[in-house]
Amino acid sequence: MRTAYSVETVRAAERELMARLPEGALMQRAAAGLAAVCAGLLARRRRVYGSRVVLLVGPGDNGGDALYAGARLARRGAAVTAVPMDPERMHPGGRAALLAAGGRLARSVPERADLVLDGLLGIGGRGGLRPAAAALVERIPPGVPVVAVDLPSGVDADTGEVAGPAVTAEVTVTFGAYKPGLLIDPGASRAGAVHLVDIGLRLPAPEVEALQHADVAALLPEPTASSDKYRRGVVGIVAGSAQYPGAAVLAVAGALRGGAGAVRYVGPAAEAVLARYPETLIGRGRVQAWVVGPGLGEGRAGEVADLLAGDVPVLVDADGLRGLDPDVLRARTAPTLLTPHAGEAAALLGVSRESVEAGRLGAVRGLVERYGATVLLKGSTTLIASGGAVRVNPTGTAWLATAGSGDVLSGLAGSLLAGGLSGADAGAVGAYLHGLAARRTGGPLLAQQLAESLPAAWRDTTRP
């Protein structure tokens, strides 16, 4: 499990550790890890000795980390130049260390460099880059790789929000713990490859977490010797319409490949579903979970209401999300999983789509608070929340931006619900496998190809 922590939590852990260490020891640990990553990058491109390294230095500890790392690179023969945002507020110890190692100071960013370290703001920055910092970032030579120190400057560490100009890094070296802004877009897309340097922090329960292969494998429902199709779970699909019969087919496809023992379909697209998947059961009957909404069309709110009035888990997607009553959802005793994209989330919250996309973490938490349900917010970073730690899906890919892929995800996650997983686990595991299946195609895909790739993605997570 990859876990992420808020700035407040990280700061508290740092203070506790610094009280037990000699003064400056924590910064030296961070600088050593940062310098090691930078040296590795330089060695792969050229070599450390003779490389030109530029440090963009802010006034806080983030700038100190960059200066001490620069001093280590200078001692290995790199030509290191520090460009301070405010020369009067440079970290004094870091400045002295760099100059003693042969580094130099400059007022402007050199025109040529092999590597740039962004040590301007770090995790304490809020509200985007100030003009002085933005001016330095604008002068980074084109094509030069940037390593962000702890966090790309201009990215909000707690949310991933980007308010105005911000650094786009090729690599981010973060200290002690991942921060939510490194895992959640739009900040995540600015971070590049993230390297975690362990500096010995003692951390409590995380605010954000991301499943890995082993976590998914441990959660996947597997049949036993005593299993039959009913014990493995039956998922009901209420989807499709005369206008969108394919949505029903795709939702059933996702459900059949999600581990359910049987899939039951209810709706006007039964003929199309049976033509493709003859094993599907047709008509209402006992199920362990329902999926409602994909391609449902207008005027079927009564079907959604009937399912929500029942006592089994319900996944609500697409057209089923229209006009949901928060009081009805909050009164349910069985799990409810909502799977909106940004536009649908905006309608549920009564805000603009742009605000949802800019503040995804706040949006998913707001939906949980308002509707009392588990929420899977689809998008560039898919988030799953149910009141505790928010889960970030790490397997997302832009290739999923294709018609019908959400229908496949609904069926898949609904199948996992029917198999006994909680709403949060079904959403997180479903999103993980969904993204993994899309990545296996390595390029453009149709939703039906996505569904067909799900069994292989399942095996990827469980293979020793």
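Residues are numbered from 1 along each chain as its sequence is written, and side-chain values use heavy atoms, with hydrogens and water left out. Because the model is predicted, local features need pLDDT of at least 70 and side-chain atom pairs count only at pLDDT 80 or more, whereas totals for chains, interfaces and linings use all residues.

Begin with the open sheet of 7 strands, whose order is 4-3-2-5-6-7-8 and whose pairing is parallel. Its edge strands, each pairing on one side only, are strand 4 (104-105) and strand 8 (193-197). Strands here are DSSP runs of E of at least two residues and helices are runs of H or I of at least four, numbered from the N terminus; two strands pair if DSSP finds at least two bridges between them.

Select residues 52-57 and 115-119 next: these are strand 2 and strand 5, which pair in the parallel sense over 5 bridges. Within this pair, Val 54 has Val 116 of strand 5 as its bridge partner.

**Asp 118**

Remain on strand 5 and select Asp 118. This residue is buried yet has no salt bridge, and the nearest side chain of opposite charge, Arg 190, is 9.7 Å away. Buried means under 20% relative accessible area, exposed over 50%, and partly exposed in between (1.4 Å probe, protein chains only). A salt bridge requires a side-chain nitrogen of Lys or Arg within 4 Å of a carboxyl oxygen of Asp or Glu; Lys and Arg count as positive and Asp and Glu as negative, while His and the chain ends are not counted.

What does the side chain of Asp 118 reach? It reaches the backbone nitrogen of Leu 120 at 3.3 Å. Not counting residues up to four places away in sequence, Asp 118 also touches residues including Leu 56, Asn 62, Val 146 and Val 167, where contact means heavy atoms within 4.5 Å.

**Strand 13 and its partners**

Move to strand 13 (residues 289-292), which is covered on both faces. Ala 289 and Val 291 are buried on one side, and Trp 290 and Val 292 on the other. Strand 10 pairs with strand 13 in the parallel sense over 4 bridges, and Ile 237 has Val 291 as its bridge partner. Strand 14 (residues 314-316) pairs with strand 13 in the parallel sense over 3 bridges; there, Val 314 stands opposite Trp 290.

**Arg 264**

Select Arg 264 in strand 11 (residues 262-266). Arg 264 counts as buried because its relative accessible area is 14%. Its side chain reaches the backbone oxygen of Gly 283 at 3.1 Å. Among the residues that Arg 264 touches, not counting those up to four places away in sequence, are Val 234, Ile 237, Leu 281 and Val 287.

In helix 13 (residues 342-349), highlight the buried residues Ala 342, Glu 344, Ala 345, Ala 346 and Leu 348. Their cover includes helix 14 (353-358), helix 15 (360-371) and strand 16 (374-377). Just after helix 13, Gly 350 takes a positive phi of about 75°.

Finish at Ser 227, in the loop between helix 8 (213-219) and strand 10 (234-238). Ser 227 counts as partly exposed because its relative accessibility is 27%. Its C-alpha atom is separated by 56 Å from that of Gln 28, 199 residues apart along the chain.

Notes:
Polar contact = N/O pair within 3.5 Å; in protein donor to acceptor, adjacent residues only side chain to side chain.
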